[in-house]
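Reader: I am new to this structure and would like a close look at one part of it, taken together with what surrounds it. Please go step by step.

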Amino acid sequence: TDLPRSPPAAAEPRHASPAAPRRLREKLRTAARMAGPPARTAPGSRQQVQGGESRAQPASASPPARETRAPFRFDYERFRRSLRHPVRGGRSGEDPETRARRMKIKEMMKFAWDNYKQYALGKNELRPLTKNGHIGNMFGGLRGATVIDALDTLYIMELEEEFQEAKQWVEKSFDLNVNGEASLFEVNIRYIGGLLATYYLTGEEVFKSKALELGEKLLPAFNTPTGIPRGSSLFSPCSGMSWSWGWASAGSSILAEFGTLHLEFLHLSELSGNPVFAEKASEPSLASVGNIRRVLSRVEKPQGLYPNFLSPVTGSWVQHHVSIGGLGDSFYEYLIKSWLMSDKKDSEAKKMYDDALEAIEKHLVKKSAGGLTYIAEWRGGILDHKMGHLACFSGGMIALGAQHSTGDRRQRHMELAAEITSTCHESYTRSDTKLGPEAFRFDAGSEATATRLSERYYILRPEVVESYMYLWRLTHQPKYRHWGWEVVQALEKHCRVEAGFSGIRDVYSTTPSHDNMQQSFFLAETLKYLYLLFCEDDVLSLEDWVFNTEAHPLPINHTDSKA
């Protein structure tokens with residue numbers, strides 16, 4: 001059942017770009033509106049954490065003894081033996097229609113990759129209308145975001161030739177010695193997540209070494225009084241300095257950003273043998289993701305809810321805006337997935353998730369006059385009756401968590417997950433393009449539709465099909481595959497252009513205007529989740545893998561792989 005470390009060469013014919021942001025820019029705009037006037041924050045400490053190196057010996061008359069301990073080596077073969085299913089599954093007993101639909105999605109991935117390779121290889125994203133590349137300023141000088149995001153999708157889809165093209169670019173052209181301002185959040189979920197996942201899938205050392213090298217460059221972002229990264233966590237990998245986009249959040253840190261590091265950083269420690277990433281060491285100077293939980297456990301939660309902005313200096317909430325969409329979303333996702341990734345040993349994460357979901361059910365879950373269940377936003381006790389497309393991931397998350405509950409709680413949460421996913425499906429079916437808007441509202445007689453011009457766009461987002469994939473795997477109700485195929489048809493009709501796929505500016509127009517951006521997450525997430533929707537359950541089995549918030553699969557710790 002084990003696959004070779006590198007795929008065969010022969011080919012058989014898938015949170016935020018600057019132009020059309022996925023997660024980060026939405027968060028920054030919202031933060032700027034809510035958190036008050038701009039504030040400049042002083043650079044963080046330039047202290048460098050040297051992981052995995054021997055401590056210097058005290059000076060003495062004789063030369064110090066050389067460290068003789070063997071270097072750490074992760075046992076990849078043992079890890080592969082711990083998996084319960086072949087990575088690419090068995091492909092047994094599927095019907096011809098399901099296979100044909102999966103092959104169509106594979107063709108879409110090849111089309112997206114081929115055009116990126118032809119017109120934008122090495123840039124961060126493809127501009128398909130103008131047939132050129134886009135770099136932007138989100139990744140601190142790093143390049144090739146689409147390459148890294150696409151790697152595991154190419155591998156899972158058995159696009160072997162294309163995977164080798166991407167691997168070759170990583171080996172020869174992926175330069176980590178860059179200088180500039182980068183988002184810790186986006187670099188972590190896209191670059192670290194993509195490299196880690198591809199290493200675990202293939203065993204190719206280049207992906208592990210690049211992930212660990214980049215991970216070391218992220219550590220200075222934690223040099224704050226609380227260990228919570230500042231604001232949108234901008235840092236210069238070369239200088240080791242960290243600071244905040246003051247105009248974005250008035251110096252505060254965003255819940256969904258500092259709360260979306262745990263999965264990747266635990267795996268960096270697992271692969272390197274260096275506990276600094278997971279904060280297994282006790283020195284205060286090594287504050288990392290483990291410290292984030294301690295800060296959150298101490299701070300009072302209003303009504304049991306987690307507001308979106310926290311001061312990295314005081315560890316207190318800056319204001320009381322709560323959202324399961326942008327600014328909050330993946331924090332909750334990483335709680336339940338941290339528990340699952342630990343093979344259900346991380347009881348702290350499970351309790352935090354259960355308590356948070358209970359508060360969300362009590363205060364945010366509402367039902368419209370037309371019978372649609374949705375999760376409202378909370379602003380200091382006043383509800384804003386809207387859901388963002390980003391919040392539509394929650395149906396899948398709640399269903400995933402429900403599988404590990406019992407009795408009435410399990411049934412209630414499965415029903416809630418199905419109702420939320422159905423509401424998000426309605427936001428698609430009520431548009432002229434059958435694609436969903438960036439946000440939809442439940443007020444002024446409107447239900448599951450965008451009522452503001454600024455919320456009518458669709459930028460190839462994955463969250464709705466993500467929930468379809470989870471609900472299909474956990475219920476096998478045919479409607480989820482049917483809904484997913486509707487999305488495939490809509491993407492083909494309205495987003496496919498001559499040289500790739502583009503977002504559209506108005507989902508309610510039958511002649512949509514394209515935004516000229518093929519987001520990297522379209523290849524990492526949207527196409528991957530659609531493909532998995534039409535796969536057997538043993539392809540990237542949920543018994544073996546959790547997906548990070550960029551849909552990069554990270555393994556569940558079935559065994560102590562370091563032994």
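At which residues does UniProt place the feature "active site"?

Author: The model is predicted. In it, the UniProt record, an unreviewed entry, places the feature "active site" at Glu 186, Asp 329, Glu 438 and Glu 463. Two of these can be located in helices. Glu 186 is found in helix α6, which covers residues 184-202, and Glu 463 belongs to helix α16, residues 463-475. Buried means under 20% relative accessible area. Glu 186 has a relative accessibility of 0%, so this residue counts as buried. Glu 463 counts as buried as well, because its relative accessibility is 1%.

β14 belongs to an open sheet of three strands, in the order β13-β14-β15, with antiparallel pairing. The edges of this sheet are β13 and β15, each of which pairs on one side only. Neighbouring strands in it are turned against each other by 15° on average, direction ignored.

The pairing can be followed residue by residue. Three bridges hold β14 to strand β13, residues 386-388, in the antiparallel sense. Within this pair, Lys 386 is opposite Arg 441 of β14, and Gly 388 is opposite Ala 439 of β14. Strand β15, residues 446-449, is also antiparallel to β14 and is joined to it by three bridges. Here Asp 443 faces Ser 446 of β15. β14 and β15 make a hairpin with two residues between them, and Ala 444 in the turn has a positive phi of about 55°. Helix α15, residues 407-429, lies across β13, β14 and β15 and runs at about 105° to β14.

A second open sheet of three strands has the order β8-β11-β12, and its pairing is antiparallel too. β8 (321-322) and β12 (382-384) are at the edges with a single partner strand each, so one side of each has no neighbour in the sheet. β12 pairs with β11, residues 377-379, through three antiparallel bridges, and Arg 379 is opposite Ile 382 in β12.

An enclosed element of another kind is helix α4, residues 145-156. In α4, 12 of the 12 residues are buried, so the helix is largely enclosed by the rest of the structure. After α4 comes Glu 158, which has a positive phi, near 60°.

One partner of α4 is helix α5, residues 160-173: the two axes come within 9 Å and cross at roughly 145°. This crossing is left-handed. From α4, the residues Val 147, Ile 148, Leu 151, Leu 154 and Tyr 155 take part in the contact, and they meet Glu 162, Phe 163, Ala 166, Lys 167, Trp 169 and Val 170 of α5. By class, this contact has nine nonpolar, two charged and no polar residues.

Note on methods. Residues numbered from 1 in each chain as written. Predicted model: local features only at pLDDT ≥ 70, side-chain atom pairs only at ≥ 80, totals over all residues. Heavy atoms only, no water. Buried < 20%, exposed > 50% of the residue type's maximum accessible area, 1.4 Å probe, protein only. Helix = DSSP H or I, 4+ residues; strand = E, 2+ residues; numbered from the N terminus. Pairing = 2+ DSSP bridges. Axes fitted to C-alpha atoms, helices over the stretch in contact; angles between N-to-C directions. Left-handed = near helix turned anticlockwise from the far one by under 90°. Contact = heavy atoms within 4.5 Å. Nonpolar A, V, L, I, M, F, W, Y, C, P; charged D, E, K, R; others polar. UniProt positions renumbered as here; feature names shortened; annotations may be inferred.
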